[in-house]
Amino acid sequence: MDHDNTSSTRVNVKGGGGGGGLSMFPINHSVDWKGRPCKPSHGGMRAAIFVLGLASYSFLVTRFQAFEIMAIAAVGNNLISYVFDVMHFPLSTSANIVTNFVGTIFLLSLLGGFLSDSYLGSFWTIIIFGFIELSGFILLSVQAHLPQLRPADCNMRIAGNSCQEAKGFQALIFFVGLYLVALGSGCVKPNMLSHGGDQFPGDDPKQSSKLSSYFNAAYFSFCVGELIALTILVWVQTHSGMHIGFGVSGAVMAMALVSLICGTTFYRNKPPQGSIFTPIAQVFVAAITKRKQVCPSKPELLHGNKSDVLNLNSSTVAGHLMHTEKFRFLDKACIMTEDGITRKQSPWKLCTVAQVEQVKIIISVIPIFACTIIFNTILAQLQTFAVKQGSAMSTELTKNFKVPPASLQSIPYITLIFVVPLYEALFVPFARRITGKESGISPLQRIGIGLFLATFSMVTAALVENNRRKMAEFSNQKISIFWIAPQFLIFGLSEMFTAVGLIEFFYKQSVAGMQSFLTAMTYCSYSFGFFFSSVLVSVVNKITSGLSRKGWLSENDLNKDRLDLFYWLLVVLSVINFFNYIFWSRWYVYNPTLEPTQLHDPCGEETKFNSSKHIGDETIV
């Protein structure tokens, strides 16, 4: 029976027996929307275009990713104004509501990645939770439109604490709608990139070569969606009311779902592989069970180790992970006990090297992941306090036009739209000639550069806020809102390095069957950053309130608060975090199978792999 390149192929690395789950890596097992094997006409850029947004010469043709980004960004980036001015929550509480909301979105991305890889597949995960997100937008729009579902109008900047805060049924409707949006968006996000990437099978050279172009287009789509949300949609919210703003976000989300559904017949869909946590648990259980065993001196004696015969240039490379020396305790899960009886052992007692190495990778990336939390805590300030900072400045561009403070968050994305192509066209070729790496610099080096630049964003913010506060307090003057533009500009440059580098890092460290989940870890970094921001604000307020009559962020008036000191605290934390990252990035070792592509070494020879040595150490500085 003949098989074309769309047939289901698996690489069995089980060796003899035992080992399940991750020991069976799907190489190319894609089906169409009816569950039939894919044809060569499925997938490719034609299918991917329905998942993302692309720009044409005459107008912007936005697809699912750009629409979804637009919808959620329009709400999240201007949400603090609605929570403070309409729902009448205190300023520090409003900031925490926003950061908790955004943090929940990114934390729930882990749920979306798990459901996709294990049970639903990326397409159906997007569809189901896309409609949940849409229902949240509708509920928020209804609440913002009906007076009985929100507190009576009151100017928080004048009346302050005398304004009635949203409570009871009003607060319930608000938080239900808000967290329906969070649930839907969180589960959709990690699957947008992975579903688009699934359209380019790795065993088809013509399609796999377009994968890099797809990710470039996807990030461009992300920037365009954010830019439109932060300019046009924020302007609509500011001048027409949040009920129109929420309604527009709902309409945009509906267009996103229609766009995705229109491409149904073109998609390549990877079926779910069952629980991704079971094989991980099997490794720990087997290792603990055999904790008194002694690991063999030769890795080749471990169960399922085929590094000695692996051809790294073959299409089956995704089915193998070479043995590495770190976390040798876990290698005990691969020890075959000699009881004199040849029989198939339970996967809870005997695992393959491929299973164990995947668990090692997950453990190893955790410190890198943790070092990006402070970076995203800084991002949280740009979406909360920086917006209120802009509200306390002169927003007049002309006599008839005022700049919405939330629109300043578009500066990083304007920067990225222009800088990313320059980075690819100029910096990458230059760095490639020096390092010999296809991407110019490694993902870890790219992340480190971004973390270093982010510190200067907060330095600029602290200096500007100190000057703004002094002018308002002693001269009763407002400085131009464009004084805070540099902090957004610097952070935009740092995000180009850190955010993209982190996505690339996690994607390259994932194997078949775990792409969505490891991609979700990137978003989870955002979650912890925003949650840490909420905790930090509360702790700072509590500590500083004990040292003086009022805390740094305890008032509803920034002229009375000390936001500049809070920014300086973030500068200190960012510097400490950067040196912490240098340590962990030098400690990290790539699995040889997943090591970044090396064009040549300084001697002009091809890189050779040794499965039992540490390979992939990188220097950030």
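Colleague: What is the mean pLDDT of the protein, and what share of its residues reach 70 or more?

Modeller: This is a predicted model, in which local features need pLDDT of at least 70, side-chain atom pairs count only at pLDDT 80 or more, and totals for chains, interfaces and linings use all residues. Residues are numbered from 1 along each chain as its sequence is written, and side-chain values use heavy atoms, with hydrogens and water left out. The mean pLDDT (the predictor's confidence in each residue, from 0 to 100) is 75, and 75% of the residues reach 70 or more.

Colleague: Where is confidence lowest, and where is it highest?

Modeller: The lowest mean, 28, belongs to strand S4 (residues 60-61), and the highest, 93, to helix H19 (residues 563-587); helices (H or I, at least four residues) and strands (E, at least two) are DSSP runs, numbered from the N terminus. Over residues 597-617 the pLDDT is below 50. Where pLDDT is low, the predicted coordinates should not be read in detail.

Colleague: Why is Asp-564 called buried?

Modeller: Buried means under 20% relative accessible area, exposed over 50%, and partly exposed in between (1.4 Å probe, protein chains only); Asp-564 has 2% relative accessibility and therefore counts as buried. Asp-564 is found in helix H19, and, leaving aside neighbours within four places in sequence, is in contact (heavy atoms within 4.5 Å) with Ala-462, Glu-465 and Asn-466.

Colleague: What does Phe-566 contact, leaving aside its neighbours within four places in sequence?

Modeller: The partners of Phe-566 include Gln-381, Phe-385 and Trp-552.
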